[in-house]
Amino acid sequence: MTAPLFVSADWLKEHYTEETLQVLDARMLPPGQEAVRDIQAEYLAGHLPNAPFFNIEALSDHTSPYPHMMPRAEAFAVAMRELGVSQDKHLVVYDEGNLFSAPRAWWMLRAFGCVNVSILAGGLAGWKAAGYALATGPVSLSEGEFEAKYDSTQVKRLTDVLLISHEGGAQIVDARAANRFNAEVDEPRPGLLRGHIPNSRNVPWNNLVANGALKPAAELRTEFEKAGVKLEQPIIASCGSGVTAVVVILALTSLGVRDVTLYDGSWGEWGSRDDLPIEK
């Protein structure tokens with residue numbers, strides 16, 4: 001029996017002290033906000049009790065020129081053990097409450113072999129709104145037990161996506177805002193071209209979200225249908241850097257869709273190249 005996709009603040013409060021449960025803070029900043037906000041300082045100023053900081057930026061592969069690429073399995077395992085994370089526990093991840101980054105943490109943990117991972121519906125904002133207490137300062141836990149088993153079938157690479165864009169075989173769904181997808185505005189990351197991968201479809205991630213959780217199933221289906229996405233056919237999710245694409249994966253997972261993978265390089269990789277086809 002695997003964990004539910006979401007748990008409520010009330011459920012989490014009730015089960016918080018159980019040995020088999022562990023909470024992780026996975027908030028991160030959208031691109032462009034790094035100059036005006038310090039996410040580490042915000043975490044230290046208030047987080048759920050005993051919740052270590054699952055820092056997606058720090059946990060990415062820094063040997064890659066592209067943002068938020070998946071790290072090597074052993075590097076991820078070491079980082080999790082140092083944070084005090086044990087993979088056999090029921091892991092509950094949360095973000096600020098906008099469902100922006102918690103899905104990426106949920107997906108990363110599952111891709112590295114964790115079975116029971118849930119997202120706190122409403123995130124930090126929902127927890128505070130329910131009147132539950134926060135802790136401050138760093139969290140130091142005893143070393144966790146974590147052996148990463150990376151499932152590489154969850155990820156598509158540029159060569160895979162290029163072939164599918166040209167020849168078909170799967171649907172490419174881009175989670176960026178429509179004005180970015182349609183090349184009407186510059187990308188928030190400097191140096192990237194405008195536009196989208198040829199033959200991709202646009203389902204903006206925030207069209208799938210309400211109050212820090214996914215919209216009801218019927219509304220999710222409508223969003224995908226409007227974009228021409230067929231749920232019975234294979235889907236590759238993409239976005240700016242492989243983070244909000246996972247909101248699409250989460251939504252599809254909630255609808256029972258199983259053949260869904262992530263283009264981890266996303267537009268951060270594709271849009272940085274001048275030797276790839278681009279639609280505008």
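A polar contact is a pair of N or O atoms within 3.5 Å, and within protein one of the two must be able to donate a hydrogen and the other to accept it. In this predicted model, such a pair involves S86, where a polar atom of the side chain lies 3.1 Å from the backbone nitrogen of E145.

S86 sits in the loop that runs between helix 3 (73–83) and strand 3 (90–94). Because its relative accessibility is 11%, under the 20% limit, S86 counts as buried. E82, which belongs to helix 3, is exposed, with a relative accessible area of 61%. Although E82 and P138 are 56 residues apart along the chain, their C-alpha atoms are separated by 13 Å.

**Helix 4 against helix 9**

Two packed helices are described by the angle between their axes and the distance between the axes. For helix 4 (residues 102–111) and helix 9 (residues 245–254), the axes come within 8 Å and cross at roughly 70°, and the two helices are therefore roughly perpendicular to each other. Helix 4 contributes P103, R104, W106 and W107 to the contact, while helix 9 contributes V246, V247, I249, L250 and T253. Sorted by class, this contact of helix 4 with helix 9 holds seven nonpolar residues, one polar residue and one charged residue.

Helix 9 is largely enclosed by the rest of the structure, because nine of its 10 residues are buried; the buried residues are A245, V246, V247, V248, I249, L250, A251, L252 and T253. Just after helix 9, G256 takes a positive phi of about 85°.

In soluble globular proteins, nonpolar side chains tend to be buried together. The largest nonpolar core of this model has 56 residues, of which F54, F76, M80, W106, W107, L109 and F224 touch the most other members. Two or more residues are given to this core by each of helix 3, strand 3, helix 4, strand 4 (117–120), helix 8 (217–226), strand 10 (235–238), helix 9 and strand 11 (260–263). Helix 9 supplies the largest share of this core, eight residues.

W106 is in contact with L5, V93, V117, I119, V246, I249, L250 and T253, leaving aside its neighbours within four places in sequence.

Most residues other than glycine have a negative phi. H68 has a positive phi although it is not a glycine, and A183 likewise has a positive value in a residue other than glycine. H68 lies in the loop between helix 2 (39–45) and helix 3, whereas A183 is found in the loop between helix 7 (178–181) and strand 7 (200–202). Are these residues buried or exposed? H68 counts as buried, and A183 is buried as well, as the values below set out.

| Residue | Phi | Relative accessible area |
|---|---|---|
| H68 | about 60° | 5% |
| A183 | near 65° | 15% |

Conventions. Residues are numbered from 1 along each chain as its sequence is written. This is a predicted model: local features need pLDDT of at least 70, side-chain atom pairs count only at pLDDT 80 or more; totals for chains, interfaces and linings use all residues. Side-chain values use heavy atoms; hydrogens and water are left out. Helices (H or I, at least four residues) and strands (E, at least two) are DSSP runs, numbered from the N terminus. Buried means under 20% relative accessible area, exposed over 50%, partly exposed in between (1.4 Å probe, protein chains only). Axes are lines fitted to C-alpha atoms, for helices over the stretch in contact, and angles run from 0 to 180 degrees between N-to-C directions. Angles under 35 degrees count as roughly parallel, over 145 as roughly antiparallel, 65 to 115 as roughly perpendicular and the rest as oblique. Contact means heavy atoms within 4.5 Å. Ala, Val, Leu, Ile, Met, Phe, Trp, Tyr, Cys and Pro count as nonpolar, Asp, Glu, Lys and Arg as charged, and the others, Gly among them, as polar. A nonpolar core is a set of buried Ala, Val, Leu, Ile, Met, Phe, Trp, Tyr and Cys residues joined through side-chain atoms within 4.5 Å.
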